[in-house]
Amino acid sequence: MVEAVASLDLFCNVVDNYGDIGVCWRLARQLADEHGVAVRLWVDDMKSFARICDGIDPAAESQQAQPVTVRRWHAGMALPAPAEVADVVIEAFGCRLPDALIAAMAARQVPPVWINLEYLSAEDWVEGCHRLPSPHPMLPLTKHFFFPGFTENTGGLLRERDLDARRTAFEANAESMRSSLAELGVSPEPDETLISLFCYPHAPVVPLLDALRDDAARSLLLVPEGVASDAIRAWAGALPERGVPLRFGNLRLQTIPFTDQPGYDRLLWSCALNFVRGEDSVLRAQWAQRPLVWHIYPQEEGAHLVKLDAFLARYCAGMPADLAATVKSAWHAWNGDGDWRAAWPAYRKALPALRAHASAWSAGLAAHGDLAGKLLGFAAQVRTRHKA
Ligand code: TRH
């Protein structure tokens, strides 16, 4: 008999930005919501968490966030005794678990399933490393590496069961889109292409603003507060005040509030093109079934460029050659390899073709299964072995 997972401890160390907690929060919520697992999410940076999740109290030691118990992770916190350690313990993105917790895990009668949830990559080697065991050098514990990914033989991608239904209902109702934009203080003018911008500070934002200003077609560029502020201030002379767009040629430039995660999904669903970054927003933009441009999180020695090309190879496979070349040159230019201004006109022209591609791509990805379900299936297998 397969031993189902009833409880799970998920540890999240926020390195920087919002991706670590963004992914952990989504996973925690989905495990609890869709699979009925009792999830405890341990977070060491509650302020970042509060930014993407309404109602989080950054000072609380313990709180309930929807179906998830959230614990503040800090040096002096009370750790679970062996009997209180959950069936599964996940260290997200190689964060180091406290030694005392590892000791408690080892002292448990049946050891918990210990999983290191890795960062997402489209590279080929991921399949070979997915689910590999790593025995502890001293204790009777084995950690397993679990890799999200874009193929059948990886851990899949985070995707809530009802995501497509929510997006489709939103898109089918013009009033939902209008009111959700209005909540952000946005009212598009006729014929404006709506574009959202989420990127790191080193993106070529000035060439983007120049290109949109001088375009033949009109655009409304929506920028969440705090994103690309220095570049925008230098280019525009001042940051647009919230709700008061500035006009430059064929561009209107507008600052919008940084929303919670559901609000950000609605923004992605509302735009004709989304500039996204990191690990989580790039995936949400794919599920949004809209054209995107990815600013990848920079790594040492250009490792991120290998990762970018691995994704591009999958994303562009099957596209007509000229469309694939357009996507690759624009994404390379956005990531510092090439001239964005030169790449943009072809990308803009390709938006209708890219929209059709985005739908087919998203449906293909969804067919590989979702990360929460695959992770629980794997944990149940390991647990069954432990109990045997
Ligand atoms: O914030 P990021 O740059 O996070 C990064 C990456 O995850 C990277 O891989 C990791 O190594 C590094 O952190 C430490 O980008 P990402 O992954 O897109 O996460 C942003 C989160 O913020 C995502 O969950 C969406 C959410 N978000 C909102 O909820 N509201 C908003 O208005 C915006 C702009 C984003």
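A search of the whole predicted model finds 1 cavity of 30 Å³ or more. The space in this largest cavity is about 90 Å³. Its lining includes Val23, Leu117, Leu120, Pro148 and Gly156. Leu157, Leu158, Glu279, Asp280, Leu283 and Leu371 also line the cavity. By class, the lining has 8 nonpolar, 1 polar and 2 charged residues.

The space taken by the ligand is the largest pocket. Helix 1 gives the most, with 4 residues. The shell holds 9 nonpolar, 7 polar and 7 charged residues.

Of the 23 residues around the ligand, five come nearest: Tyr200, Thr259, Arg277, Asp280 and Ser281. For Tyr200, a polar side-chain atom lies 2.5 Å from an oxygen atom of the ligand. For Asp280, an N or O atom of the side chain is likewise 2.5 Å from a ligand oxygen atom. For Arg277, the distance from a polar side-chain atom to an oxygen atom of the ligand is 2.8 Å. The protein covers 98% of the 710 Å² of accessible area that the ligand has on its own.

Methods. Residues numbered from 1 in each chain as written. Predicted model: local features only at pLDDT ≥ 70, side-chain atom pairs only at ≥ 80, totals over all residues. Heavy atoms only, no water. Near = heavy atom within 4 Å. Polar contact = N/O pair within 3.5 Å; in protein donor to acceptor, adjacent residues only side chain to side chain. Areas by Shrake-Rupley, 256 points an atom, 1.4 Å probe, with all protein chains shown as cover. 1 Å grid on protein atoms, 1.4 Å probe; cavity = no way out; pocket = protein on both sides within 12 Å on 5 of 7 lines; lining within 4 Å. Sits in = over half its atoms within 2 Å of the grid points. Helix = DSSP H or I, 4+ residues; strand = E, 2+ residues; numbered from the N terminus. Nonpolar A, V, L, I, M, F, W, Y, C, P; charged D, E, K, R; others polar. Points joined across faces, edges and corners; volume = space filled by probe spheres on them.
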